[in-house]
Amino acid sequence: MDELLAEVLAEIEPHRGRGRVADYIPALARVDPNRFGIAFAGRDGMVHGAGDCDEPFSIQSISKVFMLQLALDKVGAKLWDKVGREPSGSAFNSIVQLESERGIPRNPLINAGAMVVTDHLIGNGTMGEALESLLGLLRAESRDERVHIDEEVAHSEARTGSRNRALAWFMKSFGTLSNDVETVLEGYFHQCAVAMSCRQLARAALFLAFDGRDPETGRQVTAWHRARRINSVMMLCGHYDNSGEFAFRVGLPGKSGVGGGILAIVPGEGAIAVWSPGLNAAGTSETGALALEMLVEKTRWSVFV
Ligand code: GLN
């Protein structure tokens, strides 16, 4: 695996710096677009990496995957009363479908849907407790206590997140959110501001490749059917209006974040995390997606075998 990742790193060299760094969150606009890291965590729990794979970056919407698992573990299938599981074909922050669908977001991986998930994870508790459970999961599964929330990124988005505020208040008007809107938004901005490296992220998501079980310790992190369903939602909705393109080119369940990270799950094999800050129009890392395409070309990994 080390050789394969080194090959990808060499082949990606002429493609570094592609795409546009997210600048609508001011704290993300300063990140160097030429950074590139990739890591793979396998069945034995070992993590292999290349490039800037130890550099923490803002995981942004990749947090939605872990929040979904935690909320489903907490409240079970009743979550699906308030959020659908259909691809949206729209941008991550789109509001158009919310009106015709009476305030029920199409899936948990678009911003509106993620806020519904956050609302359920807060439940009758506090936002702090919800974020602690997220950090607890990520630290335990990455085997690294350094995983943290970057407060500067969270505040930066809170100051500029008018669209997310609009989505949350619009849903509140339909009765979709139970908690105070500002509390849900604070929780959402903070979960997006989790900082992790590719190595940490790949290791943290490993259980999704093994039916919810950490293959190294045997610990059942979540139920097997839940892990499969989360993978299916990632496959169909993980890249918003770019999900079809990602499935076509990479063929694995994946989740993008506007920090330039992509998490991809290879069922039965492991988890891949890649990071390169330049994005395409749908907010998926351009060089990151290309690197994943190169890696699956070499390994023949796909859920469509
Ligand atoms: N925090 C970002 C936002 O809400 C997350 C979007 C993303 O990563 N796709 O705009």
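**Around the ligand**

Reply: Gladly! Gln60, Ser61, Phe92, Asn93, Asn111, Glu157, Asn164, Cys192, Gly257, Val258 and Gly283 surround the ligand; a residue counts as near a molecule if its C-beta atom, placed from the backbone, lies within 6 Å of it. This is a predicted model, where local features need pLDDT of at least 70, side-chain atom pairs count only at pLDDT 80 or more, and totals for chains, interfaces and linings use all residues. Residues are numbered from 1 along each chain as its sequence is written.

Me: How do the residues of the shell around the ligand divide into nonpolar, polar and charged?

Reply: There are three nonpolar, seven polar and one charged. Ala, Val, Leu, Ile, Met, Phe, Trp, Tyr, Cys and Pro count as nonpolar, Asp, Glu, Lys and Arg as charged, and the others, Gly among them, as polar.

Me: Why are H3 and H5 called oblique to each other?

Reply: Helix H3 (residues 63–75) and helix H5 (residues 111–122) pack at about 45 degrees, with axes 9 Å apart. Under 35 degrees is roughly parallel, over 145 roughly antiparallel, 65 to 115 roughly perpendicular, and the rest oblique. H3 and H5 are therefore oblique.

Me: What makes the protein chain as compact as a globular protein of its length?

Reply: The protein chain has 13 helices and eight strands; helices are DSSP runs of H or I with at least four residues, strands runs of E with at least two. Its radius of gyration, 18 Å, is close to the 19 Å that the globule rule gives for 305 residues, so the chain is as compact as a globular protein of that length. The radius is taken over C-alpha atoms, and the rule is 2.2 Å times the number of residues to the power 0.38. Those C-alpha atoms fill a box of roughly 55 × 40 × 35 Å, taken along the principal axes.

Definitions and conventions:
Axes fitted to C-alpha atoms, helices over the stretch in contact; angles between N-to-C directions.
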